[in-house]
Amino acid sequence: MRRHFFTLLSFFIISTTIFAQNIQSPKDFLGYELGTRFTNHYRVVDYYQYLAKASNMIQLEEYGKTNEHRLLQIAYVSTPENLANLESIRKNHLANAGIGTSSASADKAIVWLSYNVHGNESSSTEASMKTIYELITSKKIWLQNTVVIIDPCINPDGRDRYVNWYNQVASVPYNSHQKAKEHDEPWPGGRPNHYLFDLNRDWAWATQVETRQRLKVYNKWLPHIHVDFHEQGINEPYYFAPAAEPFHEVITDWQRNFQIQIGKNHAGYFDKEGWLYFTRERFDLFYPSYGDTYPTFNGAIGMTYEQAGHGRAGLGIMTDEGDLLTLKDRIAHHHTTGLSTVEISSKNVDKLNAEFKKFFSNKDFTYKSYVLEGNQDRINKLTTLLDRHEIKYGFTANTTIKGYDYESNSQKSNKVNNALVVSTNQPKAKMVKVLFEPNAKLSDSVTYDITAWSIPYAYGLKTTASKTLVSTNAITKDSIIFNSDYGTSPAYIISWNSIKDAAFLSRLLKNKFRIRFTEKPIVYDGKKFDRGSLIITRSDNKNIANFNTSLADLANSSKIIMTKIGSGFSDNGVDLGSPDIKEIKMPKVAVMSGKTTSSLGFGELWYFFEQELKFPVTNINSESFSANTLNSFNVLVLPDGNYKEVFNNKQLQVLKNWISRGGKVIAMKGALRTFEGKEGFGLTKKEREKEDKKNEIISYAKSERKNISNYITGAIFKTKVDTTHPLGFGYNDSYFTLKLGSDAYDYLKKGYTVTYLEDNNVVSGFAGYKAAKNIKNTLVFGEQRIEKGSVIYMVDNPMFRAFWENGKLFFANAIFMVNNNSFEL
C-alpha cells in the first residue's frame with residue numbers, strides 16, 4: 001500500500017511539473033515585479049484566466065459583477081484529480097454539516113482565502129497572485145488533500161478607485177514622506193464599494209450586490225477555514241489569529257484552539273524572518289457580519305489577517321519609528337500567512353472534518369423556535385434574507401405560543417396565526433441563534449463593533465422565542481392581483497406602513513400621478529385606514545391616460561393592495577375633500593456628500609434612494625456648496641458628518657432663510673451639531689449631571705475600561721412614538737432604536753418631539769453606565785418648524801448599514817410626509 005502511494009505521488013509530481021515548467025509567474029506575465037506598482041483589477045483577472053488555461057490545477061468560476069460592471073470570480077486550486085471530482089468533494093463535505101447526503105466520507109480540507117474586501121487595503125490582491133502561483137508550482141504537495149478557494153478581489157470597484165488615484169498622483173520614484181500627496185487619499189477613499197458600503201460588515205445583512213452574489217457560492221461550500229486579508233495603520237506590523245475577546249458563545253473550544261495552532265504556525269515563519277506581529281488583541285469574534293465571524297458561525301475557523309499599510313502606505317512610506325514599509329514587504333507577509341494557512345490545514349484534514357461535523361451536530365439551544373408576526377412586507381423582506389443565507393423557515397397554523405416576548409421583555413403567551421417560524425432544528429441552527437437571540441451574551445464590553453443587532457428588533461416584528469419546536473405548515477407564495485375593472489370609483493386608498501409603500505409612492509410621483517395622504521384616521525366601507533394612508537383620486541389625475549389601467553399596472557408590478565372608494569363621503573373620520581387630506585408634492589432632494597460627510601453615512605442614503613426607494617436625488621459636493629446651490633431644491637439631507645466648514649455663521653443664516661421660505665433639512669447623527677445651540681434652532685444638548693469626583697488614581701492600563709462607561713457601542717433601546725405626527729406615520733407607539741453613540745439632546749421645546757427615550761433601560765447590547773444615565777428623557781427623532789419650512793433632527797441613524805429595516809419608514813416620512821408644501825423653486 002505504501003509503495004502504491006509513492007508511485008501515485010511520483011506520477012502526480014512529474015505530471016504537474018510538466019505544466020509548471022511553462023507557467024508564467026506574476027512578474028513574467030505582468031511585465032513587472034510584484035510590489036513595484038499596483039495592478040489594475042482587469043490585469044488581475046487576466047492573470048487568473050491565464051493560469052486557468054495554463055495549469056490543470058485551477059478552475060475558475062465567475063460568480064457575478066459589481067455595480068460598476070467589474071468581474072467577480074473565484075479560483076478552485078487543487079490537484080487535477082480533486083478538481084475532476086470537485087462536486088463529489090463538495091457534497092461529501094456538506095454532508096458533515098447535515099446538508100444533503102453522501103455515500104463517501106469527507107477526506108479533504110476546504111480552505112477559502114478572501115482578498116481585498118477593502119479596496120485601499122490593496123497589498124492582498126497582489127499577494128493572492130503570488131500565492132496561487134506558488135500553490136500550483138512549489139507548494140502543490142499540500143493540495144493532495146486540500147481544495148483552496150481563492151477570491152482575489154472581493155471589492156474591485158473600491159480597489160480600482162484607489163489604484164487609479166494612486167497611479168495619477170504618485171511620484172516616480174515613490175515618495176516615502178508621510179506628508180506626500182500619494183499618502184493622503186481623498187474622500188471617499190478606496191475602502192468601500194460603489195455605494196460606499198463597508199463590505200466587511202455586510203456578510204450577515206447582504207445588502208450589497210457583491211455580498212449577495214458571493215453568498216450563493218460560499219453557502220455551496222461552507223469551508224473549514226476562511227481568511228479575510230486586511231491592512232491596518234502603518235505603525236502596526238502584522239496581526240493574525242488567535243482573535244481577541246469577546247468570542248460569541250456559539251464558538252466551540254476547537255475553533256478557539258485551532259486558531260492558536262494556526263497562529264503558532266504563522267509565528268514560526270515570521271520569527272525566522274524577524275518580522276514583528278501581534279495576536280489576541282483588538283479584533284474580536286462577536287458581531288456576526290464580518291468576514292471572520294460569519295464563516296465562524298457557519299462552522300469555519302474564520303480569521304482576519306491585518307498587515308500594516310492601508311491606503312496611506314502606497315508603494316512605500318516611512319513609519320513613525322523611521323522604518324521604510326514597502327508594498328513588497330506587505331505582499332510578502334500576506335503571502336506567507338496565506339501559504340501557512342494552507343499548510344496547517346493540509347496537516348489537519350481528519351481533525352478539521354471531525355470537528356466541523358460536531359459543530360453542526362450540537363442542538364443544545366435554550367430557544368428552539370423564533371415566532372415572528374407583523375407587517376407582511378417586512379416578513380417578506382426577512383424571508384428574502386433567510387433565503388440568501390439558506391436558513392429554513394415555515395409558517396404556523398392558528399395556535400398559542402408561550403415564551404420570551406421581545407416587546408415586553410417578559411414571558412408571555414401569544415396567539416398567532418400564519419406567523420413566520422425560524423427554528424434551530426436545521427443545519428444553520430447556530431447562525432439562527434446568533435441572528436435572532438434577544439440579547440447576545442457579551443463576555444467583554446470592549447468590542448470592535450456594535451453589540452446588538454437582533455433581527456426581531458431590526459425588522460420591527462412582534463416576536464416570541466419558544467423553548468420548544470413549533471410545528472409549521474408548508475410555505476405558500478400568494479400572488480397579489482389588483483382588479484383594474486373599477487369603473488368610475490372616485491378614489492383608491494393604500495395603507496402606509498412599509499418601505500414597499502414608499503417605493504410605490506415614488507413610482508406614482510415619477511409617473512406624474514397626483515397623490516394625497518390623510519393626517520387623520522378614516523373609515524371607508526367598514527375598513528379603517530390609519531394616518532399616512534395614500535389616496536389617489538380620479539379628479540386629481542385627469543391628465544393620466546387610461547387612469548384605471550395605468551394605476552392597476554403599477555400596483556400589480558409593485559405587488560400593492562389597493563382599496564376602492566365608492567364615495568368621497570367616509571363612514572367615519574374626514575372626507576376626501578378635508579383639509580386634513582393633503583397633497584404630496586414632488587420633493588426635489590439634494591444629499592450632501594464630500595469630505596465633510598461620513599462616506600458611510602452618505603453611502604447609506606445614496607443606496608437607499610437609488611436601490612430601495614428608486615427616487616431621483618442630486619448628490620451635491622460640500623466643497624463647492626454655496627447659497628445658490630439650494631435654489632434648485634426643496635429638501636436638503638445632511639448625512640452624518642462635520643459641517644463646521646460648510647455652515648459658518650453666514651451660510652447658516654442663508655440656510656435658515658431657505659428653510660423659512662419652505663425648505664426642509666433632514667439632519668442625521670453628527671450633522672445635528674451644526675444646529676446645536678444656534679440662534680433660531682431649537683436643538684439643545686443635554687448636559688451631563690455632575691458627578692462627585694472621588695480622589696482616586698486610575699492606572700494607565702485601566703484607563704480604556706474606565707472610559708467605556710461614557711460610550712454606547714451599538715445598543716438597542718425602546719422608545720416612545722407620537723403616531724399622530726407625520727414623522728411617526730406607519731408606526732406603533734413604540735420603536736426599538738439602535739443607538740450608536742452617546743450624543744443626547746433635550747426634548748424640543750420649539751417643535752415636535754416625535755420619537756423619544758423616557759428611560760435608559762438597555763434592551764440589548766452594551767451601554768456604559770454614564771452614557772446610559774445621560775440619555776434618559778432625550779430626543780431620538782423630531783421636527784422644528786421655522787416659518788414655512790422644517791428641520792428634522794435624527795439623533796439615531798435609522799439607515800445604518802441598510803439593515804435596520806424598521807427605521808427606514810421614519811426617513812421616508814421625513815421626505816414625503818412631514819411639512820410637504822408647495823415650496824416655490
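Q: Before we start, which ground rules apply to numbering and confidence?
A: Residues are numbered from 1 along each chain as its sequence is written, and side-chain values use heavy atoms, with hydrogens and water left out. Because the model is predicted, local features need pLDDT of at least 70 and side-chain atom pairs count only at pLDDT 80 or more, while totals for chains, interfaces and linings use all residues.

Q: How many degrees separate helix H3 and helix H6 where they pack?
A: Two packed helices are described by the angle between their axes and the distance between the axes. Helices here are DSSP runs of H or I with at least four residues, strands are runs of E with at least two, and both are numbered from the N terminus. Axes are lines fitted to C-alpha atoms, for helices over the stretch in contact, and angles run from 0 to 180 degrees between N-to-C directions. Helix H3 (residues 41-54) and helix H6 (residues 123-135) pack at about 10 degrees, with axes 11 Å apart.

Q: Which residues in H3 and H6 meet?
A: From H3 come Val44, Tyr47, Tyr48 and Leu51, and from H6 come Thr125, Ser128, Met129, Ile132 and Tyr133; contact means heavy atoms within 4.5 Å. By class, this contact has seven nonpolar, two polar and no charged residues. Ala, Val, Leu, Ile, Met, Phe, Trp, Tyr, Cys and Pro count as nonpolar, Asp, Glu, Lys and Arg as charged, and the others, Gly among them, as polar.

Q: In what order do the strands of the seven-stranded sheet run?
A: Two strands pair if DSSP finds at least two bridges between them. The seven strands form an open sheet in the order E1-E2-E4-E3-E5-E9-E6, with mixed pairing. Strand E1 (58-65) and strand E6 (238-239) stand at the edges with a single partner strand each, so one side of each is left without a neighbour in the sheet. Inside the order, strand E2 (residues 71-77) and strand E4 (residues 146-151) run antiparallel and are joined by three bridges, and Tyr76 stands opposite Ile149 in E4. Helix H8 (residues 209-221) packs on this sheet, touching E1, E2, strand E3 (109-115), E4 and strand E5 (225-232), and its direction makes about 140 degrees with that of E1.

Q: How many bridges join strand E14 to strand E15?
A: Seven bridges join E14 (residues 399-405) to E15 (residues 410-416), and the two run antiparallel. Lys402 stands opposite Ser413 in E15. Their hairpin has four residues between the strands, and in it Asn409 takes a positive phi near 55 degrees. E14 is also joined to E17 by two bridges, again antiparallel, with Asp405 and Thr464 as bridge partners.

Q: What is the volume of the second largest pocket, and which residues lie nearest its centre?
A: Rolling a probe the size of a water molecule over the atoms shows where empty space is left. On a 1 Å grid over the protein atoms alone, a cavity is a set of points where a 1.4 Å probe fits but cannot get out; a pocket is an open set with protein on both sides within 12 Å along at least five of seven lines, and lining residues have an atom within 4 Å of a point. Grid points are joined across faces, edges and corners, and a volume is the space filled by probe spheres set on the points. The second largest pocket has a volume of about 660 Å³. Its lining has 30 residues, with Arg378, Gly460, Gly730, Tyr731 and Asn732 nearest the centre. By class, the lining divides into 10 nonpolar, 13 polar and seven charged residues.
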